[in-house]
Amino acid sequence: MQAWILDAVRTPRGKARPDGGLAALKPQELVGTLVEALAARGHAPRQASSLTLGCVGQIGDQGGHIALVSKLHAGLDEGAPALSINNYCVSGLTATGLAALQVAGRAATALAGGVEMMSRVPFMADKAAYYADASFPKRARYVPVVLAADRLAEAQGIARTELDRLALISQQRAAAAESQPAFAASRVPTGGLAVDECIRPQTTAESLAAMQPGFAALAAQYADALEGPIDHRHTIAHAPPVCDGAGLVLVSGTPDAVSGRRPRARILGYADAGGDPHASLLAGITAMHAALRAAGLTLADMDRIEFMESFAVTLAIFLRDHAVDLDKVNVAGGHMAKGHPMGASGAILLSSLLDALDGCGGRYGLVACTGAGGVGSAMVVERLAP
């Protein structure tokens, strides 16, 4: 693939509540802060040929074509098209892949990524008719992702003890990473917030084991679509906190960027995937295999992996079914600790991956993202040494 990542930056992730660290800002202001950061890092983001922005809740503060609103706010070239996309939780990575395909092989740059402010636009705030539409076949009906995770854990035989183990690792690594500057090299202080504020460093194995499953009460509303009772296993500690955040990637069709800056990485493979809506959270693994095939590489070649912790079950299945070294996966903690700003997550993970590769001097890296309803996206990159 003839596309390069000139740079990738992200905001901290703020708690999705009125007093959260980013809640006083508007979504376009998060994007504008990242545009300014790219310029301060020696790039020319306002000369980009397009802006593609992922966002799931495209109503209210995130309505009115959020990519266009962000383009106008950030002062990008008026002639540059703006595209707002919704591919659920993988939107930010899908946006980046689409932008890379758009400029591949051309002397042009494009901006892509995502933004989500769940303090302003809560989960399922669009009230889509699909969420309650009983005319769909049962296997295709909407099931909230928290219930899909419980159903998947039961179907795949993932024990509660394994969910607890992975949640604890995520929290411990995330807390430790806050004292290691390399892991925050591309994280831009925003609105006075400089850390990922959802992390719970006080988490222990004992506190996790004492928690009760968190989503059983919701099941009654979706009993018909679920087709039977579920052994609920996920607690809120196994779920990524809702939060605010944004990520932005500057991609180029050639290694010689407009600014003359050396790219940070080359995109070797990219894929989006669909999947069984009943299994819901496995399409990211399908996309991962497609991206690796496109790159001509294997998991064993990867020096660092950012695997989206949509819920603990997805990470557990990935580790169980693949020969992969956990010490290479989510080395600075994952979504269970840091939070999931839905449309932004893919771009945030890509930025985190580049920081992790720089920190270890690694060559190859992978981002794999998965979402509700059978959506997935993945990207393989090759780090370019400074």
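Biologist: How do you know that the span of helix α5, residues 160–177, agrees with its 18 residues?

Modeller: Bear in mind this is a predicted model. At 1.5 Å a residue, α5 should span 26 Å, and its end C-alpha atoms are 26 Å apart, so the two agree.

Biologist: Which residues of α5 are called buried, and what do they pack against?

Modeller: Buried means under 20% relative accessible area. In α5 that label goes to Leu163, Asp164, Leu166, Ala167, Leu168, Ile169, Ser170, Gln171, Arg173, Ala174 and Ala177. The buried residues of α5 pack against α6 (205–209), α10 (312–321) and α11 (335–338).

Biologist: What makes Met288 stand out in the largest nonpolar core?

Modeller: That core has 55 residues, and Met288, Val313 and Phe318 touch the most other members. Helix α10 gives the most to this core, with seven residues. Leaving aside neighbours within four places in sequence, Met288 is in contact with Leu299, Phe318, His322, Leu366, Ala368 and Ala378. Another core, of 31 residues, lies apart from the largest one; among its members are Ile5, Ala8, Ala112 and Tyr270.

Biologist: Where does Glu306 lie, and what is in contact with Glu306?

Modeller: Glu306 is in strand β8, residues 304–307. Beyond its neighbours within four places in sequence, Glu306 has contacts with Asn330, Leu349, Ser352, Leu353, Leu366, Val367 and Ala368.

Methods:
Residues numbered from 1 in each chain as written. Predicted model: local features only at pLDDT ≥ 70, side-chain atom pairs only at ≥ 80, totals over all residues. Heavy atoms only, no water. Helix = DSSP H or I, 4+ residues; strand = E, 2+ residues; numbered from the N terminus. Expected span 1.5 Å × (residues − 1). Buried < 20%, exposed > 50% of the residue type's maximum accessible area, 1.4 Å probe, protein only. Contact = heavy atoms within 4.5 Å. Core = buried A, V, L, I, M, F, W, Y, C linked by side-chain atoms within 4.5 Å.
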